[in-house]
Amino acid sequence: MSRPQIRVLDREECEAILARNHVGRLAFSRQNRVDIEPLHYVFCNGWLYGRTSQGAKLQATGDEWCPVAFEVDEVEGIFQWRSVVVHGGFFPMDEHGAGWEQTEWRRGVELLRSLIPATLTPDDPAPHRQVLFRIAVQEATGREATPG
């Protein structure tokens with residue numbers, strides 16, 4: 001078996017990977033441990049929009065900004081993959097907040113409906129996920145492996 005070739009992805013390549021995928025893993029710190037949980041998302045204009053239910057993520061991140069990491073992979077084979085890691089702030093969105101917060105909340109719903117049209121409707125397939133959030137993509141790094 002030949003050695004894989006590993007290369008660093010530029011910001012544009014990282015954003016393309018974020019845009020074409022919709023499932024990633026959110027890493028966050030809670031008490032004296034780090035947790036990681038899968039979730040679906042939509043990438044738009046430097047932000048990841050998603051939703052969650054009440055639980056560990058919100059207990060760890062709280063109602064305000066919180067630093068998190070987010071990771072997305074594309075895997076075609078053992079030596080053929082791409083991976084992007086995002087570092088940024090986690091921001092819960094308030095449907096009833098200030099005007100700009102309401103605007104961002106509506107934008108989040110619209111984006112998530114492009115993925116799951118019934119989001120936050122009576123036909124929602126995940127009705128327990130009532131909390132919308134966004135993550136600022138403050139730093140994105142990526143790597144790609146190709147067969148040698």
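This is a predicted model: local features need pLDDT of at least 70, side-chain atom pairs count only at pLDDT 80 or more; totals for chains, interfaces and linings use all residues.
Arg-7 forms a salt bridge with Glu-144, with 2.8 Å between the closest N and O atoms. Arg-7 belongs to strand β1 (residues 5-9) and Glu-144 to strand β8, so the pair ties together parts that are 137 residues apart in sequence. Glu-144, at 14% relative accessibility, counts as buried.

The protein chain contains three helices and eight strands. Read from the N terminus, the order of elements is β-α-β-β-β-α-β-β-α-β-β. The radius of gyration is 16 Å, close to the 15 Å that the globule rule gives for 148 residues, so the chain is as compact as a globular protein of that length. Along the principal axes, the C-alpha atoms fill a box of roughly 55 × 35 × 25 Å. Of the 148 residues, 42% are buried. Among contacts with a separation of 6 or more, 69% are between residues 24 or more positions apart. The chain exposes about 8,400 Å², and carbon and sulfur atoms supply 51% of that area.

Strand β6 (residues 80-92) can be followed through its pairings. It runs antiparallel to β5, with 11 bridges between the two strands, and a hairpin of two residues joins β5 to β6. Seven bridges join β6 to strand β8 (residues 139-146), again antiparallel; there, Ser-83 has Arg-143 in β8 as its bridge partner. Three bridges join β6 to strand β7 (residues 131-136), also antiparallel, and Pro-92 stands opposite Phe-133 in β7.

Glu-74 lies in strand β5 (residues 66-77), and its bridge partner in β6 is Arg-82. What is the burial state of Glu-74, buried or exposed? At 12% relative accessibility, Glu-74 falls under the 20% limit and so counts as buried. Beyond its neighbours within four places in sequence, Glu-74 is in contact with Ile-17, Arg-20, Asn-21, Gln-80, Trp-81 and Arg-82. Two side-chain polar contacts involve Glu-74: one of 2.7 Å with Arg-20, and one of 2.7 Å with Asn-21.

Arg-20 is partly exposed, with a relative accessible area of 48%, whereas Glu-74 is buried.

Side chains of opposite charge can pair when their charged atoms come close. The structure holds 13 salt bridges. Arg-7, Glu-13, Arg-20, Glu-74, Glu-76, Arg-82 and Glu-144 are linked in a network of salt bridges.

Another salt bridge joins the side chains of Arg-51 and Asp-124, at 2.7 Å from N to O. It links distant parts of the chain: Arg-51 is in strand β4, Asp-124 is in the loop between α3 and β7, and they are 73 residues apart. Arg-51 is buried, with a relative accessible area of 2%, and Asp-124, at 6%, also counts as buried.

Arg-51 is also one of the contacts of His-40, a residue of strand β3. His-40 is buried, with a relative accessible area of 12%. Its contacts outside four places in sequence include His-22, Val-23, Tyr-49, Leu-112 and Arg-129.

Most residues other than glycine have a negative phi. Asn-45, although not a glycine, has a positive phi of about 50 degrees. Asn-45 sits in the loop between β3 (33-44) and β4 (47-52), and at 64% relative accessibility it counts as exposed. Leu-120 likewise has a positive phi, near 60 degrees. Leu-120 lies in the loop between α3 (99-115) and β7 and is partly exposed, with a relative accessible area of 23%.

Note on methods: Residues are numbered from 1 along each chain as its sequence is written. Side-chain values use heavy atoms; hydrogens and water are left out. Helices (H or I, at least four residues) and strands (E, at least two) are DSSP runs, numbered from the N terminus. Buried means under 20% relative accessible area, exposed over 50%, partly exposed in between (1.4 Å probe, protein chains only). Contact means heavy atoms within 4.5 Å. A polar contact is a pair of N or O atoms within 3.5 Å; within protein, one must be able to donate a hydrogen and the other to accept it, and residues adjacent in sequence count only if both atoms are side-chain atoms. Two strands pair if DSSP finds at least two bridges between them. The radius of gyration is taken over C-alpha atoms; the globule rule is 2.2 Å times the number of residues to the power 0.38. Accessible areas come from the Shrake-Rupley method with a 1.4 Å probe; for residues, only the protein chains shown count as cover. A salt bridge is a side-chain nitrogen of Lys or Arg within 4 Å of a carboxyl oxygen of Asp or Glu.
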